Amino acid sequence: MNRIVGILMGLGALTGCGEGAFAPNGDRVFAPTVAGASDIDGLLVGHRLMAAGEYDLALRAYLRAAGQQGLNVDTLSALGSANLKLGRLGQAEDLLRRAVEEDPAFAAAWNNLGVILMERGKTPEAAQVFRRAFATDNGNSDEIRDNLRLALAKLENPSNTDLQENEPFQLVRRGTGDFVLLSTL
């Protein structure tokens with residue numbers, strides 16, 4: 001709860017920035033201004049909330065981003081990932097399938113779809129999806145490689161339930177061209 005209050009207070013402080021103030025020498029000093037909530041990037045806020053483990057608040061931020069930007073591949077993927085963390089696997093799967101349909105080259109969306117499929121016990125399809133994510137990413141993401149390795153091991157030995165419990169599958173997201181690990185706990 002304290003973390004939520006801190007985040008909201010931080011956002012509130014940003015909206016309090018006005019037209020600036022005067023420095024002691026009389027020059028005008030401008031603080032960064034935020035005209036309103038529409039100027040705040042909902043995806044960025046949502047990603048930060050996801051990293052902080054605040055999945056419900058992240059979902060709300062992603063919904064605001066979708067309202068501003070439309071349901072594009074980034075908002076679909078973000079909404080799917082937040083729904084996954086909230087345990088809404090059916091909704092998450094639908095959203096991520098729409099994301100990869102819209103942009104088949106979006107490796108993070110393929111990876112996150114694979115995570116959902118593993119959670120739903122669809123290991124053979126998940127292994128194929130992780131292969132697609134790995135190929136789309138050209139093998140550059142350690143997280144996607146690890147997820148593929150775990151899915152293939154689970155496919156070879158389905159009775160080994162320790163695989164997923166000891167090494168949880170990892171969500172990734174698209175940032176500025178990098179894949180960033182989101183908390184899996």
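Leaving aside its neighbours within four places in sequence, which residues is Arg-97 in contact with? The partners are Leu-113, Leu-117 and Glu-125, where contact means heavy atoms within 4.5 Å.

## About the model

What you have here is a predicted model, in which local features need pLDDT of at least 70 and side-chain atom pairs count only at pLDDT 80 or more, while totals for chains, interfaces and linings use all residues. Residues are numbered from 1 along each chain as its sequence is written, and side-chain values use heavy atoms, with hydrogens and water left out.

Helices here are DSSP runs (H or I, at least four residues), numbered from the N terminus. Arg-97 counts as partly exposed because its relative accessibility is 30%; the scheme calls a residue buried under 20% relative accessible area, exposed over 50%, and partly exposed in between, using a 1.4 Å probe and protein chains only.

Arg-97 can also be placed relative to Ala-109: the two are 12 residues apart in sequence, and their C-alpha atoms are 8.2 Å apart in space.

## A network of salt bridges

Arg-97 also belongs to a network of salt bridges that links Glu-93, Arg-97, Arg-120, Lys-122 and Glu-125. A salt bridge is taken as a side-chain nitrogen of Lys or Arg within 4 Å of a carboxyl oxygen of Asp or Glu, and by this rule the count comes to six.

One of the bridges joins the side chains of Lys-122 and Glu-93, at 3.4 Å from N to O. This pair links distant parts of the chain, 29 residues apart: Lys-122 is in the loop between α6 (107-119) and α7 (123-136), and Glu-93 is in helix α5. Glu-93 is buried, with a relative accessible area of 5%, whereas Lys-122 counts as partly exposed at 31% relative accessibility.

## Salt bridges within a helix

Arg-60 forms a salt bridge with Asp-56, and the closest N and O atoms are 3.2 Å apart. Both residues lie in helix α3, four residues apart, which is about one turn of the helix. Arg-60 is partly exposed, with a relative accessible area of 47%, and Asp-56 counts as partly exposed at 34% relative accessibility.

In helix α8 (residues 142-156), Asp-142 and Arg-145 are three residues apart, again about one turn of the helix. Their side chains meet in a salt bridge at 2.8 Å, N to O. Asp-142 counts as partly exposed at 45% relative accessibility, as does Arg-145 at 34%.

How far apart are the end C-alpha atoms of helix α3? They are 20 Å apart, which agrees with the 21 Å that its 15 residues (55-69) should span at 1.5 Å a residue; the expected span is 1.5 Å times one less than the number of residues. The buried residues of α3 are Tyr-55, Ala-58, Leu-59, Ala-61, Tyr-62, Ala-65 and Ala-66. They cover an arc of only 165° around the axis, which puts them on the same side of α3; the arc is that of the directions from the helix axis to the C-beta atoms. What covers these buried residues includes α2 (42-51) and α4 (73-85).

His-47, found in helix α2, counts as buried at 12% relative accessibility, and its side chain makes a polar contact with the side chain of Tyr-62 at 2.8 Å. Such a contact is a pair of N or O atoms within 3.5 Å; within protein, one must be able to donate a hydrogen and the other to accept it, and residues adjacent in sequence count only if both atoms are side-chain atoms. Ala-66 is buried at 14% relative accessibility and, not counting residues up to four places away in sequence, touches Leu-71, Thr-75 and Leu-79. The C-alpha atoms of Ala-66 and Leu-76, 10 residues apart along the chain, are separated by 7.9 Å.

## Positive phi angles

After α3 comes Gly-70, whose phi is positive, near 90°. Asn-138 has a positive phi of about 60° although it is not a glycine. Most residues other than glycine have a negative phi. Asn-138 is found in the loop between α7 and α8 and counts as exposed, at 63% relative accessibility.

Conventions
Helices (H or I, at least four residues) and strands (E, at least two) are DSSP runs, numbered from the N terminus.
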